[in-house]
Amino acid sequence: MPNIIMYTLSTCPWCRKTKNFFKQHGVPFQFIDYDLADEATQERIMAELDAHGANGFPFVRIGETVIMGYNPGRYQELLGL
Amino acid sequence: MQGGLIVATTEWIPVMDDASLPEGGMQSAYPRGLNVVIARVDGTVYAVSGACAHMGCPLFTGSLAAGILTCPCHDWRFDVRTGEFLDAPEVRLTVYPVRSENGKLFINLG
Amino acid sequence: MTVETRKQTLHYFFAKVVDRLGYKFTPDEDLRDFLLEQEVLLEQKHGIPFCPCQPITRERAHNMTLVCPCIPFHRAHYDAMKRCWCGLFVHKDVTDPDSLPQIPASEVKRG
């Protein structure tokens with residue numbers, strides 16, 4: 001199983017859907033809620049979003065692949081579900 | 001008079017002394033109780049709705065530069081000559097005709 | 001002012017703006033209710049009803065492009081999706097908002 005890390009917002013319903021998708025499929029993941037993070041973490045996340053041209057959350061990294069926006073079909077595809 | 005505020009009129013309503021509005025300046029006025037911003041740009045006087053088309057913020061507390069009025073609340077920018085919101089011209093402030101006569105500025109609420 | 005009252009106030013202001021832009025509130029009532037509530041809570045925290053799905057930074061110019069409704073500042077992107085990023089607003093002809101995916105700005109060709 002590839003390493004999964006996601007950047008999310010506590011206020012964003014699509015971020016909640018994303019977390020629920022992985023929970024429902026029993027896939028372990030790490031996440032950071034950008035809005036609840038400290039300033040240094042926020043700056044690091046923004047730099048990563050900017051590097052990928054991402055405008056918003058959720059931002060999911062499955063292994064080396066980045067998926068921007070809620071995209072359950074792509075999550076399934078990458079995880080072979 | 002019964003009922004609410006009546007603003008539909010073809011009457012020219014005096015709002016301020018012409019000389020009190022400097023070039024590049026703006027002032028608020030309340031003809032018939034309506035919130036209006038009056039601005040002088042390149043020698044011409046314009047009048048637009050004084051409430052931002054976004055969330056109704058008072059535009060006269062914003063800033064005016066080269067005919068562009070910036071709302072103090074969320075920086076929405078409007079051209080006082082046309083009323084257009086610069087980032088989406090479909091959204092606009094109401095523009096009112098203005099004329100100067102005998103040293104006074106008059107506005108027509110239409 | 002209660003959260004519920006402020007939600008109604010934001011709805012009133014935003015409906016007028018997005019109508020002129022060719023958008024409407026999403027017909028998904030649960031989503032609409034949730035997003036408006038988040039915006040009220042963000043407004044209570046920051047003084048401004050920001051988009052609940054995009055990152056507020058320390059740069060005012062950037063943040064002002066995320067004030068709801070933020071459609072004017074992301075028009076080509078949102079028009080391509082037929083919705084705004086958080087999904088609070090959809091094009092007027094949309095009846096099934098669930099069919100509209102989030103497409104990152106970087107994947108949308110600028111028109």
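User: Which residues of α2(C) are buried?

Analyst: In this predicted model, where local features need pLDDT of at least 70, side-chain atom pairs count only at pLDDT 80 or more, and totals for chains, interfaces and linings use all residues, the buried residues of α2(C) are L35(C), L36(C), Q38(C), E39(C), V40(C) and L42(C). A residue is buried if 20 or more other C-beta atoms, placed from the backbone, lie within 10 Å of its own. Residues are numbered from 1 along each chain as its sequence is written, and chains are lettered from A in the order in which they are written.

User: How many residues does helix α2 of chain C have, and what do its buried residues pack against?

Analyst: Helices are DSSP runs (H or I, at least four residues) numbered from the N terminus, and the expected span is 1.5 Å times one less than the number of residues. Helix α2 of chain C, residues 29–46, has 18 residues and reaches 25 Å from its first C-alpha to its last, close to the 26 Å expected. Its buried residues pack against α1 (13–24) of chain A together with α1 (3–20) of chain C, and just after α2(C), G47(C) takes a positive phi of about 85 degrees.

User: Which chains share the most contacts?

Analyst: Two residues are in contact if their C-beta atoms, placed from the backbone, lie within 7 Å. Of the 2 pairs of chains in contact, chains A and C share the most contacts, with 18 residues of chain C in contact with 18 residues of chain A. No contact joins chain A and chain B, whose closest C-alpha atoms lie 18 Å apart.

Terms used:
Helices (H or I, at least four residues) and strands (E, at least two) are DSSP runs, numbered from the N terminus. A residue is buried if 20 or more other C-beta atoms lie within 10 Å of its own, exposed if 12 or fewer, and partly exposed in between; C-beta atoms are placed from the backbone.
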